[in-house]
There are 2 protein chains.
Amino acid sequence: MIIVLDTNTLISKNNKMITLNEGSGGKQMQKLIEKIRDKLKLKDNWRNINDDAATLKLKNINKNLVFTTDSYTVNPIFFPGGDIGKLALCGTINDLAVMGAKPAGISLALVIEEGFSEDDLMKIIFSIGEVSKKTGIPVVTGDTKVMNKGGIDKIVINTSGIGFAKNIISNSGLSASDKIIVSGSIGDHGIALLSKRFDYETELVSDCAPVIKESRAVSKYVTAMKDPTRGGIAAVLNEMAEKSNVKIILDEEKIPVKREVAAVCELLGLSFYEIACEGRIVCGVKKEYADKALKILKKFNNDSAIIGEVSKGRGVFVRTIVGMRPLEVPAGKLIPRIC
Amino acid sequence: MIIVLDTNTLISKNNKMITLNEGSGGKQMQKLIEKIRDKLKLKDNWRNINDDAATLKLKNINKNLVFTTDSYTVNPIFFPGGDIGKLALCGTINDLAVMGAKPAGISLALVIEEGFSEDDLMKIIFSIGEVSKKTGIPVVTGDTKVMNKGGIDKIVINTSGIGFAKNIISNSGLSASDKIIVSGSIGDHGIALLSKRFDYETELVSDCAPVIKESRAVSKYVTAMKDPTRGGIAAVLNEMAEKSNVKIILDEEKIPVKREVAAVCELLGLSFYEIACEGRIVCGVKKEYADKALKILKKFNNDSAIIGEVSKGRGVFVRTIVGMRPLEVPAGKLIPRIC
């Protein structure tokens with residue numbers, strides 16, 4: 001049995017209770033799961049089980065089946081630039097897209113609190129419908145549960161997705177001299193959400209959107225690709241560097257960050273490297289194709305930028321005006337319910 | 001866009017709030033969804049979108065991809081004969097099995113309340129692992145979210161599943177003179193759960209189990225097949241009768257019901273026809289194969305029985321010692337959080 005856990009599943013060592021804000025817990029939880037996993041591991045043909053989606057080679061047709069799942073607990077459920085429905089559908093579509101898959105169908109499972117507004121539910125369903133219509137990706141199966149008042153905070157949505165990919169894009173394909181490209185400004189989603197949560201006045205809207213077109217457009221040039229959601233580019237670049245067994249060096253001055261995002265981050269003492277995007281891709285591209293890939297991505301979003309490069313070594317570092325500093329895996333107080 | 005909703009997604013017409021206990025609401029919700037669905041419907045190749053799982057014909061290989069999802073909000077999370085983890089994995093495996101599919105991989109998405117016991121989580125993970133090991137069906141991808149204290153009642157699990165089927169078994173294949181067979185005593189899960197919830201002393205345990213072997217063993221004889229979960233056999237037989245455009249007549253004396261189940265139902269004023277099973281199949285079988293199919297199912301569970309037959313007409317009826325009565329679709333107060 002294989003279980004993939006996200007970084008903010010946290011268990012406190014002392015009280016043996018699951019907590020929101022204990023970074024070390026994530027690793028501890030992973031260790032616990034690893035144990036069970038090794039114990040129960042089955043012989044099966046699934047691959048990439050530690051990536052955004054698992055893949056299964058389909059015999060007789062030269063294709064891979066790609067399968068992913070995510071639950072969405074975002075708070076507030078309506079935020080500038082989207083809502084929990086749009087987020088859920090885009091999130092799962094994007095997990096397929098960054099694996100190089102063409103999404104074929106999405107499942108939609110709603111868990112709703114008794115007393116939840118019918119109008120709000122319909123708004124959410126309609127925004128799911130809009131993404132489905134826009135992308136041409138159907139929601140094909142679903143489930144709905146209603147929990148008693150207080151049993152759940154408003155609504156939680158799970159979307160699972162399947163797609164087909166000729167070639168799988170993993171997150172472990174980086175090699176020395178690759179360039180790192182991001183497809184737009186970072187942190188918009190997280191900061192738009194926090195602003196709404198704390199009633200900051202800002203023009204900022206979430207970047208929540210499907211990334212199918214841009215990911216497909218550059219897929220033949222990329223060596224590795226991820227969508228920087230929870231933990232932002234700090235989380236995904238560390239993951240890519242570790243799995244590819246390389247070092248990534250970012251140029252701070254080249255990171256596309258909106259003024260509002262930088263300002264709110266400074267205000268709240270957050271690092272914009274760690275803030276979630278929901279409509280961006282980060283990819284590695286062979287040096288010689290970097291300008292070509294950038295040009296393509298700029299057509300979708302002019303903020304796209306080459307933000308760094310890969311070299312021999314380990315870890316992720318940021319080159320700043322005052323010198324080089326490591327960019328760690330986000331730990332400790334992750335922002336809860338950002339997605 | 002296609003959305004399939006279960007019968008207990010309920011919206012009250014008056015207060016425009018989603019409620020647990022309003023039967024009519026289910027139909028109303030369905031109508032609302034139908035509207036959106038028609039509006040957003042996409043041209044796609046998915047079929048059986050109103051069944052337990054959606055199916056997609058795979059070109060070049062003579063197989064169908066089968067895709068399903070379910071969220072589990074069961075309360076209590078530990079019950080006689082199982083827990084929310086076992087229930088989640090069996091439930092999704094069974095939705096694939098009754099469609100005639102061989103399950104290929106399951107996704108596991110956990111939403112956990114902050115402060116939830118690590119030991120309880122591990123118990124749940126282990127019972128998921130046991131089912132995975134027993135059936136040889138791997139959990140291949142997952143997600144974990146932690147919600148703040150009070151944000152969710154303990155734990156909610158979503159499992160989605162994919163499988164492959166040469167021949168799809170739909171729930172609309174019944175025709176006149178078919179026999180109706182159930183693969184064991186009905187209502188054990190629901191009543192075991194209620195007994196635990198209300199602290200009744202009983203030996204009864206949930207029937208929660210995978211039904212892969214029995215469903216495969218009889219698949220070549222069945223004309224239609226379902227697993228009678230929420231709403232019990234009353235719900236699934238009405239669905240099968242309606243979709244097959246036939247009448248089903250059950251013989252009350254032939255229904256396998258355990259004494260404890262009948263007793264608790266009488267005590268609580270419930271109908272055992274409406275109580276959920278989690279390890280049973282109900283199928284239609286051509287008259288001439290009925291005894292053969294029964295013999296096979298009895299090898300798995302000796303309580304298996306031919307409980308009725310199909311004839312021309314509409315609806316589901318029960319033949320009792322005092323005459324014939326209709327068996328309606330369960331409406332009104334469904335038992336909440338039974339699965």
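Predicted model: local features only at pLDDT ≥ 70, side-chain atom pairs only at ≥ 80, totals over all residues.
Residues are numbered from 1 along each chain as its sequence is written, chains are lettered from A and ligands numbered from 1 in the order in which they are written, and side-chain values use heavy atoms, with hydrogens and water left out.

**Chain A overall**
- Chain A holds 8 helices and 17 strands. Helices (H or I, at least four residues) and strands (E, at least two) are DSSP runs, numbered from the N terminus.
- Of the 339 residues in chain A, 62% are buried. Buried means under 20% relative accessible area, with a 1.4 Å probe and protein chains only.
- Take the contacts in chain A with a separation of 6 or more: 80% are between residues 24 or more positions apart. Contact means heavy atoms within 4.5 Å.
- Chain A has an accessible surface of about 13200 Å². Carbon and sulfur atoms own 51% of that surface. Areas come from the Shrake-Rupley method with a 1.4 Å probe.

**A sheet in chain B**
- An open, mixed sheet of 7 strands runs in the order β12-β14-β11-β15-β13-β16-β17 in chain B. Two strands pair if DSSP finds at least two bridges between them.
- β12 (222–226) and β17 (323–326) of chain B each have a single partner strand, so one side of each lacks a neighbour in the sheet.
- On average, neighbouring strands of this sheet are turned by 25° against each other, direction ignored.
- Strands β16 (residues 315–320) and β17 of chain B run antiparallel and are joined by 4 bridges. B:V318 stands opposite B:R325 in β17(B).
- Helix α6 (residues 232–244) of chain B lies across several strands, including β11 (179–182) and β13 (247–251). Helix α6 runs at about 35° to β14(B).

**Two helices that cross in chain B**
- The axes of α2 (residues 84–97) and α3 (residues 118–135) of chain B come within 7 Å and cross at roughly 35°. Axes are lines fitted to C-alpha atoms, for helices over the stretch in contact, and angles run from 0 to 180 degrees between N-to-C directions.
- Residues in this contact include B:I84 and B:L89 of α2(B), and B:I124 and B:V131 of α3(B).

**Residue B:I84**
- B:I84 sits in helix α2 of chain B. B:I84 is buried, with a relative accessible area of 0%.
- Leaving out residues up to four places away in sequence, B:I84 touches B:Y72, B:F79 and B:I155, among others.

Note on methods. Buried < 20%, exposed > 50% of the residue type's maximum accessible area, 1.4 Å probe, protein only.
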